[in-house]
Structure formats: C-alpha cells, structure tokens
Amino acid sequence: MKNVSNVFWITVAIVFAAVIFGVSAPETFEEATANIQSFMTTAFGWYYLILVTIIVVFCLFLIFSPVGTIKLGKPDEKPEFSNGTWFAMLFSAGMGIGLVFWGAAEPLSHFMNPPLAEGGTAEAHKEAMRYTFFHWGIHAWAIYAIVALALAYFQFRKNEPGLISATLKPVLGKSMEGPWGTVVDVLAVFATVVGVATTLGFGAAQINGGLSFLWGIPNNFTVQFIIISVVTVLFMVSAWSGLGKGIKYLSNTNMILAIALFILMFIVGPTILILNMFTDTIGGYIQNIVQMSFRIAPLNEDHRSWINGWTIFYWAWWISWSPFVGIFIARVSRGRTIREFIIGVLLAPALVSFIWFAVFGSSAIEIQNAGDIDLTSFATEEVLFAIFSQMPWSTVLSVVAIALVCTFFITSADSATFVLGMQTTNGSLTPPNSVKLTWGVAQSTVALILLYSGGLQALQNSLVIAAFPFSIIMVLMVVSLYRSLTKEKKELGLYFKPKPRKTQQQSK
C-alpha cells in the first residue's frame, strides 16, 4: 500500500498478535487483562484523578487567557463546517453509543449501589445523578479537548503533520521525527483501536439486547458476530465516500434520531421529575465537583472498589478514546479560535449529556421505584428496552433506539477508520481507502475477540490497560502546548490589557 508509514505495519502486527492470543486462549486472555487492569486501577488510581483534574483546569485557563483569540489556522480562515454540523460531528464521534448504552443503566446502577448513600433511597437518587453527570461532564470533554486542541494548533497553525508525535516537538525536539516518534504514534493508534473496538462491542451488545427483548432473538456471541459484520460493511461504505459526505450526513442523522428519542422520552416519562432532578443535580454537581474529582477512598475498600469500577474506568475510557476523537475533532475544527473551540468542545456537549441523563436516568429510577418491574434483573444492554416496555409507544421508542445505536455505531467506526488512516499515512488528510479498509476490519475483529473472550468485562479491562501509556503522552502534550502558546503570546503581544479610562472630554 502506498504512503503508509512504519506505524501502520507495527500496529497491525501488535493487533494481529492480540487477536491470535484472544482466539487461541480466550480464558487466559480474559484473566490476563483482568489482572493487569486490577493492578492499574489499584496502583495508579490517584494518578488518573490528578491528571484529569489538571487537564480540566488547563482548559478553563485557556478560555480566559489572551491566547484564546489565536485562530486554529491562518488569521483569515473561516470554519469549514457550520456550528450545527460541527457540533453534530464531534458529539457523534465523542460518545454517541455510550450515551444510549449507559443513559438509563448507569444512573440505575448507582441508585441501587451508590458510592456513599444507602441504596434505593432519595439520597442515593441524588448521588446517582450527580456521579453520572460527573463521569460524562466536563472532565470527559476536557480530555478530548486538550488532545484535539494540541493537534489542531500544531497542524493548522504551525504546519506540522497531523500526528500525535508532532505535538511533542516543543518538549522532545527532533527525536519525534525518528524512532521515538514512531513509538508515540504506535501507542496512540493502538489506544484508538482498543478504545473504538470496546465501544463497538458495547454497541453490538445493545443492538443484540434490543432485538432479544423485542423479538426473542438469542442474545449471544453468534448474533453479535452477525451484527458487527453487517455494520462493518455499512461503515466501510460510508468511509469510502469521505468526510464531507458519509460522516457528515450520518452525524446529522444521528442528531435527528437522538433528538426524536429524547423528545419522546421527555413527553412519556416523568416530565416534572426530570426537570426537577436536572436542576437539582446541576447544583449538586457544581457544589461537589472538587471533592468528586479527588475522591479515592484510601481507607475504605468497598468505596475504593466502586471508584475503580466506575470513575477510574471512565477516565481510562476517555483517555483511550482521546487520540481518535481528538484527531477527528481537530480535523473538523480548522478556522475556529482557541476560545471558541474550547467552549464548544468542553461545555456544549457536557450540557447535552446532562439533559440526556436527566431524562433517561430519572425515568429508569422512577420505574424501579414503582415496583411493577425489577430493572436490575435485566442485562445492562437490555435495561433501556425494559424501561420502554413500561411506557406508551414502547415499540416506537425501541425501534428508534436501535436505529440510533446503529447510526452511532457506523459513525464512530467510520470516523475511526479515517483517523487511523491519517495516523498511519504520515498525517495525510486524505488517507487511501485501502488503509481505511484495513483498519475497519481490524477494529471489528478486536471488538469480536473482546466479546468472545470475556464479554463486557473484557472490554472494560482492555480499555484501562490501553489508556495508561497514552496518558503519559497526554502529560507531555499539555506541557508542549503550554510552551508553544506562551511563546506565541509573547511574539503577538497578547496580554491582559486594562480598558483605557475615558477622559472628561470623551465622556461628553
């Protein structure tokens, strides 16, 4: 294949070795990933919490800093996509499937097994919503934002190739153009493959869960294999058509379906409770965000286990997704200022996520409290459809939800093939279709192996493992970006300037 880099061949070899291991010894593979994951969360939980909090603070600093006026591109460049399409694309790539998969299941799980309160109580309800907002709020989007900003800044402002390694040159110099740069890019590509494969696994499991709940189709690996195979063909067709057509149209379709499902649920669900819980939880989230950001429960094993299984898992998930989402967001954000970019990526999607969880989480907990059905008896991927069964228009809601997961599935995989193609062809903005095809098949194969070897738990284990090495690269990216922005601020004379006082004559 033309134009491919060493990163392509090295990462393909690593992915191939992992696939062979997973197929030949699935139980050993699951056990090995579980042991490594346990060590990571136990030994480095503190590190994840501190790192992600620092990233949030740095993003907020950039919003108010004079460097916020710097444009990601030439001074006269205009954004390639409208605000609506831009938002739809970054949101669909960022966490589309996750919102549908966990929208009802996570608040319900926290309600029954809260981090601090007694399960099933009013306090547990508030905690459940607050921690769900925390896991899907500004911390998650700050991780995406910092990687995307570094890539967009160095590529469009400094004319560097669109590679993770290129963002580290202010710190590590020309070594990023040699073997060490290859190592950095291999880690980024591998983290992307595992992160996206994990999400595809969640999506396949939920599509299977919906089909099983509605029409009795078996919920097993064989059906999930068929689902992933069919969707792989569909997203490869989309990837073939390019960024401006396939991904753009699918992203807009995602938003239409998501809005339709949201409005239907808001109408048929406990509307007043949803509005009240959204308002109350926003307040609780803001009040407790510092405490939640650093909470690691060093003296309580049960509480620490909860944090490892949820907060640390999520921070690892977002980190493992950040090369993919970051590169994709950077690619579609050319022409925007740093301030506009950070506000758009950090705050707008987080607010939409809050509204989404208020609707689906409150509905799930209200149905559980009613006692007509025990939602906890269903598999995670079936919880949403069990909720729909208790509401008017249940079949319509279920069909829209399945369609939404399918389009999010296709969009995420489609975007990922484009990003992986960029990263393994020296940052090309138009990677060859043959490279995208290879990565599309690789993603789907890894998703199948993870489902085969240990189901959803194997997916979660692999995420935490893949995220750790890339988290170190993220530390270097923050330092590199700060150095470069500080230098440019001095060159452009960007400082906080007090407003000149009006003279008596001017005020007349």
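**Exercise 1. Find which residues of helix α4 (residues 105-112) are buried, and say why the helix counts as largely enclosed.**

Solution. Start with the cut-off: buried means under 20% relative accessible area, with a 1.4 Å probe and protein chains only. Helices here are DSSP runs (H or I, at least four residues), numbered from the N terminus. Next, list the residues that pass: Ala105, Glu106, Pro107, Leu108, His110 and Phe111. Six of the eight residues of α4 are therefore buried, so the rest of the structure largely encloses this helix.

A word on the source: this is a predicted model, in which local features need pLDDT of at least 70 and side-chain atom pairs count only at pLDDT 80 or more, while totals for chains, interfaces and linings use all residues. Residues are numbered from 1 along each chain as its sequence is written, and side-chain values use heavy atoms, leaving out hydrogens and water.

**Exercise 2. Describe how α6 packs against helix α13 (residues 338-346).**

Solution. Begin with the geometry: the axes lie 8 Å apart at an angle of about 145°, where axes are lines fitted to C-alpha atoms over the stretch in contact and angles run from 0 to 180 degrees between N-to-C directions. Now collect the residues in contact (heavy atoms within 4.5 Å). They include Trp141 and Ala145 of α6, and Phe341 and Val345 of α13.

Note on methods
Buried < 20%, exposed > 50% of the residue type's maximum accessible area, 1.4 Å probe, protein only. Helix = DSSP H or I, 4+ residues; strand = E, 2+ residues; numbered from the N terminus.
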